[in-house]
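The stops below go from the whole chain to single residues.

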Amino acid sequence: MAMIPSFFNNRSRDIIFDPLFSFDPFKDFPFPSSSLVPRENSAFINTRIDWKETPEAHVFKADLPGIKKEEVKVEIEDDRVLQIRGERSVEKEDKNDTWHRVERSSGKFLRRFKLPENAKIDQIKAGMENGVLTVTVPKEEVKKADAKKTVEISG
């Protein structure tokens, strides 16, 4: 009977393929992985924002579940920089609770976007519904040049 190396036995195989097993495939790379980043910074990393441009506006959408609109600030700073920032509070701990896993992020987040020249900075609107922040930045109408222009010839 052939000997099977211990790392191929059923118990090890179950651990390797266990979906609840914490495995970090990026642990040996030179950039920080999720397991190496402190909890207070994880919200900053995980704040996802979409930016789309329509004919009328630039629209930013941020997923901010569990955050109240009072905990979010939308500001324009410096030269046309849209800044979205806030903080997700850590859940209050009870001494009688036993935590088995903590995956939801908490802490401060900050995202900045340089707005294009056609943005109407003074008409920006923001709203929050169902944990999604929507910031709408209207655009200036771009004047189209005439398709044909006659140039006078001097002399």
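The tour begins with conventions and then moves through the selections.

This is a predicted model, in which local features need pLDDT of at least 70 and side-chain atom pairs count only at pLDDT 80 or more, while totals for chains, interfaces and linings use all residues. Residues are numbered from 1 along each chain as its sequence is written, and side-chain values use heavy atoms, with hydrogens and water left out.

Select the whole protein chain and colour by secondary structure. It has two helices and seven strands, in the order α-α-β-β-β-β-β-β-β from the N terminus. Helices (H or I, at least four residues) and strands (E, at least two) are DSSP runs, numbered from the N terminus.

Switch to a surface. Its accessible area is about 13,300 Å², 53% of it from carbon and sulfur atoms, by the Shrake-Rupley method with a 1.4 Å probe. Of the 155 residues, 23% are buried, that is, under 20% relative accessible area.

Next, select S3 (72-77), S4 (81-88) and S5 (107-114). These three strands make an open antiparallel sheet in the order S3-S4-S5; pairing requires at least two DSSP bridges between two strands. S3 and S5 are the edges, each with a single partner strand, so one side of each lacks a neighbour in the sheet.

Zoom in on S4 and S5, which are joined by eight bridges. Leu82 stands opposite Phe113 in S5.

Finally, select Arg104, in the loop between S4 and S5. Is Arg104 buried or exposed? Arg104 is exposed, at 64% relative accessible area, where exposed means over 50%. Its C-alpha is 9.9 Å from that of Arg88, 16 residues away in sequence.

Note on methods. Buried means under 20% relative accessible area, exposed over 50%, partly exposed in between (1.4 Å probe, protein chains only).
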